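Thanks for coming. I will walk through one model today, going from the overall counts to the core, the sheet and a few single residues.

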Amino acid sequence: MKGIKILQQKLRNGLMLFLQDITKGFRIGIGIVLALATAGIFAVAVTGTFNTFSSGSVMKSADINANFASLKTAIEGIPTQKAMRLIYETDVTSATTSVNITGLDGDNDLDYIVITRIVNGNPNMDYFLQLNSDTNSGNYGKRAMAHTDGTAYINNFSNSEMGLYAGGHGSAGSNGISFSKLEIYAKSGTMRFSIYRSGHFTSTTSWSNHAGYGWWTNTASNITSMTLTTNVANAIGAGSHIEVWARR
C-alpha cells in the first residue's frame with residue numbers, strides 16, 4: 001500500500017509539473033505575440049487597458065482579451081500610406097492590335113507605371129499609349145535617344161505621335177521581344193508627361209534601346225482610360241504581358 005501511495009504521489013507531482021510547463025509555455029507564447037504586435041506598430045501608441053503577468057500569477061481570459069482589444073485598436077489606428085499597387089494585369093493569348101485599360105482616376109491616383117513585355121506579332125512595329133481614347137496624333141509628342149543595331153545614339157524626336165511612345169523597334173525592326181516601362185504623372189491641370197525606357201531584341205544583330213519622354217497636350221481631362229496600341233495590325237502577339245500600377 002505504501003508503494004502505491006508513493007507511486008500516486010509521483011504521478012500527481014509529474015502531472016503538476018506538466019501543467020506548469022504548459023502554463024509557462026502559454027505565457028511565453030502570449031508574451032512573444034504581444035512583443036511582435038507592439039513592435040509592428042512602431043510609433044503608434046498603445047492606449048487603453050494593458051495587463052501584465054508575472055510568474056505564478058493566474059491568467060484570466062478577461063485580462064488577455066483586454067490586452068488584445070488594446071492592440072487591435074492601436075493597429076487599426078495606424079495611418080495608411082499610399083503606395084504603388086497593381087491594378088491591372090493581363091496575358092495576351094492571341095495577337096491583337098490594342099489592349100484597353102479602363103476604370104482609372106488620374107486626378108486621385110496621380111502616378112501610373114505601365115510595364116509591358118511584348119512578343120512582337122509583326123515586324124516594324126512601335127507601341128503607344130493613348131489616353132482617354134484620344135487618337136489625335138497632334139496631341140502627342142516625344143523627345144528621346146535611340147540606339148539601333150549597334151549604330152551610334154541618335155536624337156529621336158517628334159511633335160506628332162500615335163500616343164505616348166512606349167517602345168518597339170521602329171521602321172528597321174523585325175519580330176522579337178520588346179520590354180518597356182513607362183511612368184506618367186497623371187493629374188490634370190497641366191500637360192501630362194511620361195518617361196519611358198524600352199529595349200527590343202530579335203538577335204545579336206537586330207536590337208534597339210530607347211529612353212526619353214513624351215507628352216499629351218490635354219491639360220483639362222481627368223485620365224480615366226489607357227489604350228496600348230501599335231502602328232502595325234496584330235503586333236501585340238500571343239504571350240505578351242501587360243501591367244498597370246497606380247499610386248493608391
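What percentage of the 248 residues in the protein do buried residues make up? The figure is 34%, where buried means under 20% relative accessible area, exposed means over 50%, and partly exposed is in between, using a 1.4 Å probe and protein chains only.

Some housekeeping before the details. This is a predicted model, in which local features need pLDDT of at least 70 and side-chain atom pairs count only at pLDDT 80 or more, while totals for chains, interfaces and linings use all residues. Residues are numbered from 1 along each chain as its sequence is written, and side-chain values use heavy atoms, with hydrogens and water left out.

The protein holds three helices and twelve strands. These are DSSP runs numbered from the N terminus, helices being H or I with at least four residues and strands being E with at least two. For contacts, the criterion is heavy atoms within 4.5 Å. Of the contacts in the protein with a separation of 6 or more, 74% are between residues 24 or more positions apart.

Now the core. A nonpolar core here is a set of buried Ala, Val, Leu, Ile, Met, Phe, Trp, Tyr and Cys residues joined through side-chain atoms within 4.5 Å. The largest one has 30 residues, and those with the most contacts inside it are Leu 129, Leu 131, Leu 164, Ile 184 and Met 226. Strands that each supply at least two residues of this core include β3 (111–119), β5 (140–148), β8 (177–185) and β12 (241–247), as well as β4 (126–131). The most comes from β4, with four residues. As background, nonpolar side chains tend to be buried together in soluble globular proteins.

Take Leu 131 from that list. Leaving aside neighbours within four places in sequence, Leu 131 is in contact with Tyr 140, Leu 164, Ile 184, Trp 216, Ile 223, Ser 225 and Met 226. Gly 163 is 32 residues from Leu 131 in sequence, and the two are 7.5 Å apart in space, C-alpha to C-alpha. Gly 163 itself lies in the loop between β6 (154–158) and β7. Is Gly 163 buried or exposed? Gly 163 counts as buried, because its relative accessible area is 0%. With the same exclusion of neighbours within four places in sequence, Gly 163 is in contact with Phe 128, Leu 129, Gln 130 and Tyr 140.

On to strand pairing, which requires at least two DSSP bridges between two strands. There is an open sheet of four strands in the order β2-β11-β4-β7, with antiparallel pairing. Its edge strands, β2 and β7, each pair on one side only. Within it, β2 and β11 pair in the antiparallel sense over four bridges, and Ile 101 has Met 226 in β11 as its bridge partner.

Strand β3 has two antiparallel pairings to mention. Nine bridges join β3 to β8, with Ile 184 in β8 as the bridge partner of Tyr 112. Six bridges join β3 to β12, where Arg 117 stands opposite His 241.

How many cavities of 30 Å³ or more does the structure hold? The count is one. The largest cavity has a volume of about 60 Å³. A cavity is a set of points on a 1 Å grid over the protein atoms alone where a 1.4 Å probe fits but cannot get out, and lining residues have an atom within 4 Å of a point. Grid points are joined across faces, edges and corners, and the volume is the space filled by probe spheres set on the points. Among the lining residues are Thr 116, Tyr 127, Phe 179, Ser 198 and Leu 228. Strands β3, β7, β8 and β9 (192–203) each supply at least two residues of that lining.

Most residues other than glycine have a negative phi. Leu 110, in the loop between α3 (106–109) and β3, has a positive phi near 70°. Leu 110 counts as buried because its relative accessibility is 16%. Ser 133 sits in the loop between β4 and β5 and also has a positive phi, of about 60°. With 49% relative accessibility, Ser 133 counts as partly exposed.

Terms used:
1 Å grid on protein atoms, 1.4 Å probe; cavity = no way out; pocket = protein on both sides within 12 Å on 5 of 7 lines; lining within 4 Å.
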